[in-house]
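Hi,

Here is the structure I promised to send over. Have a look at it first, and then read on for what I found when I went through it.

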Amino acid sequence: MLRENNPRTFFFLSLFFVLFVLFLYGPTITITILSFQGPTGGLVFPMRGTSLHWFGQVFQAQSIGDIHGSFFRSIQLGLIVTVLTMVLSFLAGLAFRYRFRGSGFLFYVVVASLIMPSVVVSLGIGSLFELLGIERFWWNAGLGAHLTWTLPFGLLIMFAVFNRFDKRLEEAARDLGASGVQTVRYVILPIVASSLIGVGLFGFTLSYDELARSSQAMGALNTLPLELQAMQTNATTPVIYALGTMTTALSLSVIGVCLGTVLLLQRRQARKGSDAGKGTV
Amino acid sequence: MATTFWRLFDRSGGASRRDFLKSATTLAGGAAAASTLGAPYVHAQEPITLRYAGTGVNAFKELADKCKEDTGITIQYTTLTSDDVVKRAVTQPSSFDMLDSEYWMLKKIIPSGNLRGMDVKKVKEYDKIVPIFTKGQLPDGSQTTRVGIAPIKVSYLPEAESTEFVEEPTGFMTLIPTVYNADTLGIRPDLIGRPIESWAELVNPEFKGKASILNVPAIGIMDAGQVAQAVGIVKYGDMGNMTKQEIDKTIAFLIETKKAGQFRGLWKEFNESVNWMASGETVIQSMWSPAITKVRQQGIPCVYQPLKEGYRAWAAGLGIPTHVEGRTLDACYEFVNWFLSGWAGAFLNRQGYYTAVLDTAKENMTADEWGYWMEGKPCVEAIKSPTGEELAKPGEIRDGGSFYERMGNVTVWNTVMDEDRYMVRKWNEFVAA
Amino acid sequence: MSAQPISVPIVSETAVPAAAANAARFGGGLVPYLLVAPLAAVFLLFFLIPMLLVIVVSFFNYESYQILIPDFTFQNYLDVFGEAVTWQTYLTTFKYCLIVWVLTFAIGFTVAYYLAFYVRTLTWQMVLFLVCTVPFWTSNVIRMISWIPLLGRNGVVNETLMALGIVDQPQEWLLYSDFSVILGFVHLFTVFMVVPIFNSMVRIDKSLIEAARDGGASEWATIKHVILPLCRPGIAIGSIFVLTIVMGDFVTVTVLGGGLVASVGKSIATELNYLQFPPAAANAMVLLTIVILMMVGLSRIVDVRKEL
């Protein structure tokens with residue numbers, strides 16, 4: 001389609017992209033270097049020797065802070081938030097394609113949830129649960145707090161996805177006798193599937209990293225960012241850098257393996273002469 | 001108006017919401033029953049867990065493990081930033097069973113009615129608690145300063161449930177003290193290269209862009225006050241309770257200093273102060289004792305510099321929220337008693353803090369350790385932290401010397417002023433300037 | 001993240017079909033209400049009701065040691081408007097908003113354009129998006145600390161600059177300055193711009209672009225006259241993300257401002273931390289009103305809901 005694209009433009013845009021990625025990885029690179037601090041080193045330069053000491057420490061119980069427990073809570077919460085964000089945003093995205101009473105109000109409520117400083121939202125949720133006498137956990141108040149943060153992103157991205165979405169596709173499906181559910185299942189969903197995965201990815205990242213909105217809503221057990229933040233009230237060691245380095249390394253290798261598998265499969269399919277799996281982009 | 005918003009909604013005849021809900025599931029009776037029966041969900045042999053909310057200052061795994069071993073009580077820490085501790089205490093008391101709070105925070109927490117006065121008769125070592133908390137004196141009988149919120153001002157309640165303080169000992173303590181300390185400036189002697197003797201040095205243009213102050217208004221304003229007084233800008237009537245004019249002058253002084261580029265930043269959490277000092281971003285700043293230790297452990301010279309104008313002190317303690325009842329309440333007292341029985345005290349003393357009951361801590365430390373930490377003597381063997389890192393080489397003495405030299409030279413305590421509302425607004429102006 | 005893996009031939013939509021007419025045809029009855037109910041319920045429970053509490057509190061009074069005194073006073077609002085510091089923080093915040101918006105838009109649009117039009121397969125688009133996401137899976141708390149060894153006096157950047165002989169002494173404006181705050185925002189929020197713009201771009205009918213090309217339009221002219229106008233909703237959504245979060249942020253400002261910079265969000269956070277709930281609530285309401293007005297203004301230019 002854009003095959004005739006200017007190779008020079010391609011080069012400069014690629015360079016721009018690489019620089020952008022490098023910028024995104026700036027802190028990550030520093031974290032990686034410093035995670036090899038010697039056993040007596042701290043969180044900043046100078047390096048006090050190099051060692052793998054802190055990587056070993058990740059698997060030990062820390063004197064201050066419960067990294068393991070909070071890590072698994074964060075992962076669980078992140079996954080639940082991911083699924084709910086995908087489903088709820090998709091449904092609401094469909095709804096917003098109709099005119100319905102209160103749609104304007106709801107839209108501004110969703111935007112307001114982005115604007116309101118998270119500490120205020122968090123305090124509001126925490127206090128509400130206190131007034132109602134409900135004990136807070138990560139899976140009730142905490143989950144709600146995270147959804148007020150991820151859903152605005154999910155919904156608005158769905159807006160971008162449904163933007164100028166060709167309604168004739170659905171009409172064609174209906175004309176062929178498909179029910180509403182069938183239309184969604186066989187026409188809309190396949191088209192927006194990859195975007196939905198994107199929404200899920202967004203949801204997970206936002207939830208996994210959420211701090212301010214969680215602060216008063218989690219009850220007695222912290223999520224990872226909260227625990228790490230609280231650990232700042234005492235001396236913290238490069239063990240948190242080692243955790244960061246391991247997260248990054250693991251994520252990158254998972255992506256690498258997946259990519260390799262996909263490319264391998266595509267090559268096999270190409271050899272077989274099938275055109276399935278080819279994108280249209 | 002003595003009732004607060006939260007109180008308006010919170011209580012139903014003394015039963016806490018949490019107990020209410022738990023009992024409502026087992027009893028059809030509801031709220032009234034909950035308050036009379038206490039905690040109907042208790043089973044005799046069930047192991048007990050206490051939810052302990054506080055900052056990371058005392059939340060050591062070693063303490064929880066030892067406590068479990070000695071008493072069978074499981075301590076579940078909810079570690080929070082210092083800001084969140086106060087917010088939790090005031091707005092969500094049902095989310096914890098024990099609160100580890102600083103004394104100045106009590107001025108804000110007690111009026112909410114969320115803490116219960118602790119019955120001193122149930123505290124075994126009560127008589128041995130350092131008289132700083134019970135009489136406003138050091139163990140040798142000398143008076144401690146009352147500038148700021150000296151613990152004695154907020155240690156006692158007239159009765160178990162009260163929203164006001166009394167300055168005389170009664171049978172009910174707001175908090176049972178855990179740790180306290182005398183704070184001063186931390187410096188990098190290698191980068192400064194000359195003796196530092198006064199708080200005034202913090203604003204010396206020699207350290208332009210390399211100084212820092214603490215961005216917690218209640219504490220930072222006191223450091224600023226020490227500096228302003230040392231420089232001669234302001235003469236305070238009562239530094240712990242400044243008038244509006246004094247606040248104006250102090251903040252104006254801070255803004256002027258900030259605009260001149262004196263401050264590298266304003267630090268907020270403990271770890272930040274360690275990182276700034278270790279990386280050389282700052283060479284002189286407000287600091288806490290264990291932070292100095294942490295910098296030194298990285299092989300970087302750092303001194304907790306005693307100053308001629310004296311120290312700023314703080315104290316923290318354990319409180320019990322009003323909703324705790326029955327067996328949980330007993331467990332809270334058991335934990336407090338365990339905490340004061342020596343092992344924990346020795347552990348915290350070795351962090352560079354002071355502990356509430358000195359006698360029992362002493363029994364759990366070697367004579368050499370006691371000499372180094374408490375008496376200002378050079379240590380014979382290397383001094384180690386509770387987690388085994390070396391803190392001092394043989395022959396070194398502690399910065400600032402003995403307990404009496406340090407706690408005896410305290411001139412102010414962390415504070416919440418009568419003009420707190422005004423002060424925080426002005427502090428915001430300083431940050432925004 | 002998105003492409004159109006479909007075999008149904010898409011008829012080019014040179015003129016966007018009248019959305020209203022379409023919507024009317026899809027009429028809906030109860031359907032949209034049912035679809036939106038779960039999302040609405042979440043916001044009702046976890047946002048609207050808690051915020052009602054906040055609004056009530058914003059009219060309360062308070063004293064030094066008495067945190068909430070039920071009352072109906074406008075004093076907190078008067079305080080908000082009556083103080084120089086309020087105007088100053090709003091000014092700073094608007095300044096950040098504007099600069100960050102320009103930067104994230106410029107970078108975000110370029111990156112999205114590259115991903116949508118130069119990266120040809122869905123697989124590679126996915127991979128590159130993931131690569132951009134991975135840094136955010138290391139907690140922000142950890143990343144925030146790492147700015148010190150990166151940009152600090154003895155940090156990586158300064159050491160590199162000095163080793164290269166570009167500067168002869170450490171540059172201190174790199175950290176704890178307006179520069180570092182803006183850098184932090186751009187670092188965190190460019191992705192929020194990329195994703196919606198990208199999603200808008202892949203919806204553009206490729207035949208439109210080819211038509212423009214065939215008609216002799218340069219790449220730049222194609223961007224300006226075809227892509228940019230058709231991406232408006234994506235840009236609007238990205239802008240909503242960036243503007244709203246920067247307006248309410250306090251974490252980035254606190255950490256990368258070194259505590260020396262105050263934004264509106266930070267002032268509110270400070271007031272909350274010192275339990276001055278009523279003025280914090282009032283301040284939050286003022287912030288909300290102002291930003292909502294900004295959004296209403298934005299929707300005058302691009303109504304993201306109309307083009308669904």
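To start with chain A: in what order do its elements run from the N terminus on? They go α-α-α-α-α-α-α-α-α-α. For the complex, the predictor reports an ipTM of 0.87 and a pTM of 0.86.

**Chain A**

The C-alpha atoms of chain A fill a box of roughly 70 × 60 × 35 Å along the principal axes. Of the 281 residues in chain A, 49% are buried. If you take the chain A contacts with a separation of 6 or more, 76% of them join residues 24 or more positions apart.

There is a cis peptide bond to look at in chain A: it runs from Phe45(A) to Pro46(A), with omega near 5°. Pro46(A) sits in the loop between helix H1 (7-34) and helix H2 (53-58) of chain A. For context, most peptide bonds are trans.

Next, helix H9 of chain A, residues 224-231. Why call it largely enclosed by the rest of the structure? Because eight of its eight residues are buried. The buried set in H9(A) is Leu224(A), Pro225(A), Leu226(A), Glu227(A), Leu228(A), Gln229(A), Ala230(A) and Met231(A). What do they pack against? Within chain A, the partners are helix H3 (67-95) and helix H10 (239-272). From the other chains come strand S2 (74-79) of chain B and helix H6 (140-151) of chain C.

**Where chains A and C meet**

The contact between these two takes 105 residues from chain C and 102 residues from chain A. On the chain C side, the largest share comes from helix H2 (residues 31-58) of chain C, with 19 residues. By class, the side of chain C that touches chain A divides into 75 nonpolar, 21 polar and nine charged residues.

The axes of H10(A) and helix H5 (residues 122-133) of chain C come within 11 Å and cross at roughly 175°. An angle over 145 degrees counts as roughly antiparallel, so that is how H10(A) and H5(C) lie to each other. H10(A) makes the contact with Ile255(A), Leu259(A) and Val262(A), while H5(C) brings Thr123(C), Val127(C), Leu130(C) and Val131(C). The spacing makes sense if you recall that an α-helix has 3.6 residues a turn, so residues three or four places apart point the same way. This contact of H10(A) with H5(C) has six nonpolar, one polar and no charged residues.

**Chain C**

Chain C has a mean pLDDT of 84, and 89% of its residues reach 70 or more. The stretch to be careful with is residues 1-25 of chain C, where pLDDT stays under 50. The model does have 46 contacts beyond four places in sequence for that stretch. Still, where pLDDT is low, the predicted coordinates should not be read in detail.

Two residues in chain C have backbone angles to check. Tyr176(C) has a positive phi of about 55° although it is not a glycine. You will find Tyr176(C) in the loop between helix H7 (156-163) and helix H8 (178-203) of chain C. Is Tyr176(C) buried or exposed? Tyr176(C) counts as buried, because it has 28 C-beta neighbours inside 10 Å and the cut-off is 20 or more.

The other is Leu275(C), with a positive phi near 60°. Leu275(C) lies in the loop between helix H13 (264-273) and helix H14 (277-301) of chain C. With 26 C-beta neighbours inside 10 Å, Leu275(C) counts as buried. For comparison, most residues other than glycine have a negative phi.

**Chain B**

Chain B comes to 19 helices and 17 strands. Buried residues make up 57% of its 433 residues. Among the chain B contacts with a separation of 6 or more, 67% are between residues 24 or more positions apart.

Chain B is divided into domain 1 (17-174 + 314-340) and domain 2 (183-310 + 409-432). Over C-alpha atoms, the centres of these two domains are 31 Å apart. Their contact takes 13 residues from domain 1 and 15 residues from domain 2 of chain B. The domain 1 side of that contact has five nonpolar, five polar and three charged residues.

Cheers

Notes. Residues are numbered from 1 along each chain as its sequence is written. Chains are lettered from A and ligands numbered from 1 in the order in which they are written. This is a predicted model: local features need pLDDT of at least 70, side-chain atom pairs count only at pLDDT 80 or more; totals for chains, interfaces and linings use all residues. Helices (H or I, at least four residues) and strands (E, at least two) are DSSP runs, numbered from the N terminus. A residue is buried if 20 or more other C-beta atoms lie within 10 Å of its own, exposed if 12 or fewer, and partly exposed in between; C-beta atoms are placed from the backbone. Two residues are in contact if their C-beta atoms, placed from the backbone, lie within 7 Å. pLDDT is the predictor's confidence in each residue, from 0 to 100. Ala, Val, Leu, Ile, Met, Phe, Trp, Tyr, Cys and Pro count as nonpolar, Asp, Glu, Lys and Arg as charged, and the others, Gly among them, as polar. Domain bounds come from an automatic or database domain assignment. Axes are lines fitted to C-alpha atoms, for helices over the stretch in contact, and angles run from 0 to 180 degrees between N-to-C directions. Angles under 35 degrees count as roughly parallel, over 145 as roughly antiparallel, 65 to 115 as roughly perpendicular and the rest as oblique.
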